[in-house]
Amino acid sequence: MGRRTVRETGSFRANYEDGREITIYIFTEFLEIESRAGSSERAVSMSLKTAEGNHVNPRGGGRFEIVGVLSSIVTSTDPNAPQ
């Protein structure tokens, strides 16, 4: 099996209900595939985190839950936000 790496691949802005803004970072896990033709990478999973390291779960419809934080539902209309 190939080597796995995780890289930050993007970010987007979201808002708490009271208007405070937060940046959520997108991390993608890549798997390196080796063959006779050479090596390549394939994205195998994505995760979301805050700058403080809290995991973020997508809830659909532009809503995201920040795990371990009170008032943890935020919303985003940022085009970079995962759907």
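How many salt bridges does the structure hold? Let us work up to that through a few exercises. This is a predicted model, in which local features need pLDDT of at least 70 and side-chain atom pairs count only at pLDDT 80 or more, while totals for chains, interfaces and linings use all residues. Residues are numbered from 1 along each chain as its sequence is written, and side-chain values use heavy atoms, with hydrogens and water left out.

**Exercise 1. Describe the fold and overall dimensions of the protein.**

Step 1. Start with the secondary structure: the protein has 0 helices and 6 strands. Here helices (H or I, at least four residues) and strands (E, at least two) are DSSP runs, numbered from the N terminus. Along the sequence, the pattern reads β-β-β-β-β-β.

Step 2. Now look at the dimensions. Along the principal axes, the C-alpha atoms fill a box of roughly 55 × 25 × 20 Å. The radius of gyration is 15 Å, whereas a compact globule of 83 residues would have one near 12 Å. That radius is taken over C-alpha atoms, and the globule rule is 2.2 Å times the number of residues to the power 0.38.

Step 3. Of the 83 residues, 28% are buried. Buried means under 20% relative accessible area, exposed over 50%, and partly exposed in between (1.4 Å probe, protein chains only).

Step 4. Finish with the contacts, meaning heavy atoms within 4.5 Å. Among those with a separation of 6 or more, 33% join residues 24 or more positions apart.

**Exercise 2. Find the salt bridges and say which parts of the chain they link.**

Step 1. Recall the general idea: side chains of opposite charge can pair when their charged atoms come close. A salt bridge is a side-chain nitrogen of Lys or Arg within 4 Å of a carboxyl oxygen of Asp or Glu. The structure holds 6 of them.

Step 2. Take Glu32 and Arg3, whose side chains meet in a salt bridge at 3.1 Å, N to O. Glu32 sits in strand β2 (residues 21–35) and Arg3 in the segment before β1 (4–15), so this pair links distant parts of the chain, 29 residues apart. Buried or exposed: how does Glu32 count? Glu32 counts as buried because its relative accessibility is 17%. Arg3, in turn, counts as exposed at 55%.

Step 3. Move on to Arg7 and Glu41, which form a salt bridge of 3.0 Å, N to O. Arg7 is in strand β1 and Glu41 in strand β3 (residues 38–50), so the pair ties together parts 34 residues apart in sequence. Arg7 is partly exposed, with a relative accessible area of 35%, and Glu41 is also partly exposed, at 41%.

Step 4. Glu21 is partly exposed at 47% relative accessibility, as is Arg13 at 36%.

**Exercise 3. Compare two residues of strand β3, Thr50 and Met46.**

Step 1. Locate them: Thr50 is in strand β3, and Met46 is in strand β3 too.

Step 2. Check their cover. Thr50 is buried, with 5% relative accessibility, whereas Met46 is partly exposed at 44%.

Step 3. List their contacts, leaving aside neighbours within four places in sequence. Thr50 touches Ile22, Thr23, Tyr25, Val56 and Ile66. Met46 touches Ile26, Phe27, Thr28 and Pro82.
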